[in-house]
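Open the model in your viewer and keep the selection tool ready. Each stop below tells you what to pick and what is there.

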Amino acid sequence: LTFDRYLKYEELTTTLQDLAAAHPDLMRLESIGQSHEGREIWCATITRFSSGQCRDKPALWIDGNIHSSELSASAACLHLIGRLLREAGESQVSHILDTRAFYVVPRVNPDGAELSL
C-alpha cells in the first residue's frame, strides 16, 4: 500500500479485494450495503480465522470517511489493515489476530468521497 494520494472508489475497491484475496486466512471482505448512488460500502473483517470465528472474539469497529471530505480517515483505515496483515507473523500482532476481530469500513460515504475527489 502506498499513501501518496487518496484513492477513488474503484481503486479502493480493487485494493481491498486484492488484500482479501492475498490474505484469505486473515481478511474477508463483504458489502454491508449500498450508497444512495449504488456503490458498495465495504467492510473488511480481519482476524486469524483458524483461531476461531470472528463472532466469538471481542471486536473493534473502525470506520472512516463518514463525511465527504474526510479522506484522511479512509487512508488511516487502509494503513491499519495493511499493518495488521503485514505484521501478522509478529508476536504482538499475531496474538491480537488470534484473540480479536477487527471490522474496518474505510469509506462509509463513497458518494461524498467521489464528489470530494
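**Before you start**

This is a predicted model, so local features need pLDDT of at least 70, side-chain atom pairs count only at pLDDT 80 or more, and totals for chains, interfaces and linings use all residues. Residues are numbered from 1 along each chain as its sequence is written, and side-chain values use heavy atoms, with hydrogens and water left out.

Helices (H or I, at least four residues) and strands (E, at least two) are DSSP runs, numbered from the N terminus.

**Stop 1: helix H1**

Select residues 9-22. This is H1, with 14 residues. From first C-alpha to last, H1 reaches 20 Å, close to the 20 Å expected at 1.5 Å a residue. That expected span is 1.5 Å times one less than the number of residues.

Now colour by burial. Buried means under 20% relative accessible area, exposed means over 50%, and partly exposed is in between (1.4 Å probe, protein chains only). The buried residues of H1 are Tyr-9, Leu-12, Thr-13, Thr-15, Leu-16, Leu-19 and Ala-20. Look down the axis: the buried residues of H1 fall within an arc of 165 degrees, so they line one face of the helix. The arc is taken from the directions from the helix axis to the C-beta atoms.

The face of H1 away from its buried side carries the exposed residues Glu-10, Ala-21 and Ala-22.

What covers the buried residues of H1? The cover includes strand E1 (27-34), strand E2 (40-46), helix H2 (71-86) and helix H4 (110-116).

**Stop 2: Thr-15**

Stay in helix H1 and pick Thr-15. Is Thr-15 buried or exposed? Thr-15 counts as buried because its relative accessibility is 19%. Show its contacts, meaning heavy atoms within 4.5 Å. Not counting residues up to four places away in sequence, Thr-15 touches Leu-1 and Leu-7.

**Stop 3: the largest cavity**

A cavity is a set of points on a 1 Å grid over the protein atoms alone, where a 1.4 Å probe fits but cannot get out. A pocket is an open set with protein on both sides within 12 Å along at least five of seven lines. Lining residues have an atom within 4 Å of a point. Grid points are joined across faces, edges and corners, and a volume is the space filled by probe spheres set on the points.

How many cavities of 30 Å³ or more are there? The count comes to one. The largest cavity holds about 30 Å³ of space.

Select its lining: Tyr-9, Leu-12, Leu-16, Glu-40, Ile-41, Trp-42, Pro-106, Arg-107 and Pro-110. H1 and E2 each supply at least two residues of this lining. By class, the cavity lining has seven nonpolar, no polar and two charged residues. Here Ala, Val, Leu, Ile, Met, Phe, Trp, Tyr, Cys and Pro count as nonpolar, Asp, Glu, Lys and Arg as charged, and the others, Gly among them, as polar.

**Stop 4: the largest pocket**

About 200 Å³ of space lies in the largest pocket. Of the 13 residues that line this pocket, the closest to its centre are Thr-2, Phe-3, Arg-5, Leu-7 and Leu-78. H2 gives the most to the lining, with three residues. The pocket lining has seven nonpolar, three polar and three charged residues.

**Stop 5: helix H2**

Select H2 next. H2 has 16 residues and reaches 23 Å from first C-alpha to last, close to the 22 Å expected at 1.5 Å a residue. Its buried residues are Leu-71, Ser-74, Cys-77, Leu-78, Ile-81, Gly-82, Leu-84 and Leu-85. Down the axis of H2, the buried residues fall within an arc of 165 degrees, so they line one face of the helix.

**Stop 6: Ala-73 and Asn-65**

Pick Ala-73 in helix H2. Ala-73 is partly exposed, with a relative accessible area of 25%. Not counting residues up to four places away in sequence, Ala-73 touches Gly-64 and Asn-65.

Move to Asn-65, in the loop between strand E3 (59-63) and H2. Asn-65 is buried, with a relative accessible area of 1%. Its phi is near 60 degrees, a positive value in a residue other than glycine.
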